[in-house]
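Follow the strands first, then the side chains.

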Amino acid sequence: MKRKVLGVLLSVAMMATLLVGCGDSASAPAASTTDGAAATAGTAAPADTAAPADTAASGGGKKVGVAMPTQSSERWINDGANMKAKLEELGYEVDLQYAEDDIQAQVSQVENMIASGANCLVIASIDSDALVNVEAQAKEAGIPIIAYDRLLKNTDAVSYYASFDNKGVGTAIAKYIEEKKDLPGAKAAGESYTIEFFMGSPDDNNAKMLYDGIIEVLQPYLDDGTLVCKSGRTSFDDTCILRWSRKRHSRTARTI
């Protein structure tokens, strides 16, 4: 029964991921079973955990705690609303909470979900390291956890991880820049463009993966001078933005 419930919840989590709106094939969601820190996206969930077609009203009053990071971004608002609506259609009670990028608030919210009798947790973390102890509490209570979009690291309490191919998204962004600016042609003609990088939060595992996809494509053009970063800030550490500071609110590379 627990595996059936997990299968349904994983399907709903992946559906919410799809509804974010990334249209490129590189952004298709991936799901994997996890062994804590060893987990990686990109492996299909086991076939026997897939949600059956006749799962309507199958929740049976079970309770799902959904912990989202913030309402400051429309994507998280939509993800939470979509997940709540789909789970309620299936008969689940849903405790949806947003922590507004307050790490301790999210820890407290998950603790309260455990104490209030949640049968499963779906967590999009603010800082995965801060949740290690509360995840251990969930495991001890026999409550499975689905890491949603952001990998929960340094724990063996996570049952599934549902996310995009985040490096693939970065690759698609960089390929778009390469194509639209015709960087191979610019190189051949001895022309150049300036570029600056504004990456995601360093406590978001996805941000580093996206950066890796971008820089893998664009680094050769930086090396040969086709792309010029006048600030000299091209590393992830130099360009990441802790928790999406509004002063530098962009996760993608921008050409000028």
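Q: How many bridges join strand S4 to S5, and do the strands run parallel or antiparallel?
A: This is a predicted model. Strand S4 covers residues 120–123, and S5 covers residues 145–148. Leu121 stands opposite Ile145 in S5. The two strands run parallel, and the bridges that join them number 3.

Q: Which hand does the β-α-β unit of S4, helix H4 and S5 have?
A: Helix H4 spans residues 132–140. It makes a β-α-β unit with S4 and S5. The hand of this unit is right-handed.

Q: Which residue in S6 is the bridge partner of Ala147?
A: Strand S6 takes in residues 158–164. S5 and S6 pair in the parallel sense, over 4 bridges. In S6, the partner of Ala147 is Tyr161.

Q: Are the residues of strand S5 buried or exposed?
A: Ile145 and Ala147 point one way from the strand. Ile146 and Tyr148 point the other way. Whichever way they point, all are buried.

Q: How many disulfides does the model have?
A: A disulfide is a covalent bond between the sulfur atoms of two cysteines. To count here, two cysteine sulfur atoms must lie within 2.5 Å. By this rule the number of disulfides is 0.

Q: Over the ring of which residue does the charged end of Arg75 sit?
A: The charged end of Arg75 lies 3.8 Å from the centre of a ring. That ring belongs to Trp76.

How values were computed:
Residues are numbered from 1 along each chain as its sequence is written. This is a predicted model: local features need pLDDT of at least 70, side-chain atom pairs count only at pLDDT 80 or more; totals for chains, interfaces and linings use all residues. Side-chain values use heavy atoms; hydrogens and water are left out. Buried means under 20% relative accessible area, exposed over 50%, partly exposed in between (1.4 Å probe, protein chains only). Two strands pair if DSSP finds at least two bridges between them. A crossover is right-handed if, with the strands pointing away from the viewer, the path from the first strand over the helix to the second runs clockwise. A charge sits over a ring if NZ of Lys or CZ of Arg is within 6 Å of the ring centre and within 35 degrees of the ring normal.
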